[in-house]
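Open the structure in a viewer and keep the selection panel to hand. The stops below say what to select and what is found there.

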Amino acid sequence: MSAESALAPMNIIGPALGGALFIAIMSLVPHPARRSFNAIFAAGAVGAYIGGAFGVWELVYPILATPVVYLGLRSYRAIGIAWLMHAAWDLPHHLVGHPIWPYMRTSSLGCIVFDSVIAVWFLAGAPSIFRKRAAEPVGSGHTPAAGETAMTLSTESRIPRTRQVAR
């Protein structure tokens, strides 16, 4: 094996640490902004290889991935699937020798690792590693039953208020 074709441990460790750092930073973004931002971020990644090594075939991935990232506006799991799809598209680029960054031959391999790390986090529901999300996340579909008291926060004073649900 030549020095040119050998992979260094940092070709895997670096992107994995980058994925962990991404998760830490995104954990600071509150839900649902975290989900919306990451759906848009994943949508941007869809176009990363357009004009790349496979010519017109590069359009297949955006056609398949665009509906998935659209679903990501409402689902962390869809964002996770989108990142796994991106990692799968990185693989042929790495194997053929046409990396995402032409000046760094292992960049597509690093992208596979990074994308896979963050995909697992999204598939797990993108929980904050610093604080717990509310038991009933926004859009969970939970509606208080008739007569049940619902707790809300006033946006002005941040004082909890109760309201009676109409019967």
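**Whole chain**

Start with the surface of the protein chain: its accessible area comes to about 10,400 Å², and 68% of that belongs to carbon and sulfur atoms. The model is predicted. Of the 167 residues in the protein chain, 34% count as buried. Among contacts between residues at least 6 apart in sequence, 60% join residues at least 24 apart.

**Nonpolar core**

Next, select Phe22, Ile79, Trp83, Ile118, Trp121 and Phe122. These are the residues with the most contacts inside the largest nonpolar core, which has 23 residues. Helix 1, helix 2, helix 3, helix 4 and helix 5 each give two or more residues to this core.

**Phe22 and its ring partners**

Now centre on Phe22. With a relative accessible area of 12%, Phe22 counts as buried, because the cut-off for buried is under 20%. Leaving aside residues up to four places away in sequence, Phe22 touches Asn38, Phe41, Phe114, Ile118 and Phe122.

Show the aromatic rings. The structure holds seven aromatic pairs. In one of them, the ring centres of Phe22 and Phe41 are 5.8 Å apart and the planes meet at 25°, so the pair is stacked. Phe22 belongs to helix 1 (residues 10-27) and Phe41 to helix 2 (residues 33-46), so this pair ties together parts 19 residues apart in sequence. Phe41 is partly exposed, at 37% relative accessible area.

Phe114 lies in helix 5 (residues 107-123) and Phe22 in helix 1, so the pair ties together parts that are 92 residues apart in sequence. Both Phe22 and Phe114 are buried.

Ring pairs link Phe22, Phe37, Phe41, Trp83 and Phe114 into a cluster.

**Ala20**

Stay in helix 1 and select Ala20. At 41% relative accessibility, Ala20 counts as partly exposed. Draw a distance from its C-alpha atom to that of Phe114: the separation is 8.5 Å, although Ala20 and Phe114 are 94 residues apart along the chain.

**His86**

Move to helix 4 (residues 76-96) and select His86. Is His86 buried or exposed? His86 is buried, with a relative accessible area of 2%. Not counting residues up to four places away in sequence, the residues that His86 touches are Ala45, Ala48, Tyr49, Tyr61, Cys111 and Asp115.

**Nonpolar surface patch**

Leu64 counts as exposed because its relative accessibility is 53% and the cut-off for exposed is over 50%.

Technical notes. Residues are numbered from 1 along each chain as its sequence is written. This is a predicted model: local features need pLDDT of at least 70, side-chain atom pairs count only at pLDDT 80 or more; totals for chains, interfaces and linings use all residues. Side-chain values use heavy atoms; hydrogens and water are left out. Buried means under 20% relative accessible area, exposed over 50%, partly exposed in between (1.4 Å probe, protein chains only). Rings of Phe, Tyr and Trp (its six-membered ring) pair if their centres lie within 6.5 Å; planes under 30 degrees apart count as stacked, over 60 as edge-to-face and the rest as tilted. Helices (H or I, at least four residues) and strands (E, at least two) are DSSP runs, numbered from the N terminus. Contact means heavy atoms within 4.5 Å. A nonpolar core is a set of buried Ala, Val, Leu, Ile, Met, Phe, Trp, Tyr and Cys residues joined through side-chain atoms within 4.5 Å. Accessible areas come from the Shrake-Rupley method with a 1.4 Å probe; for residues, only the protein chains shown count as cover.
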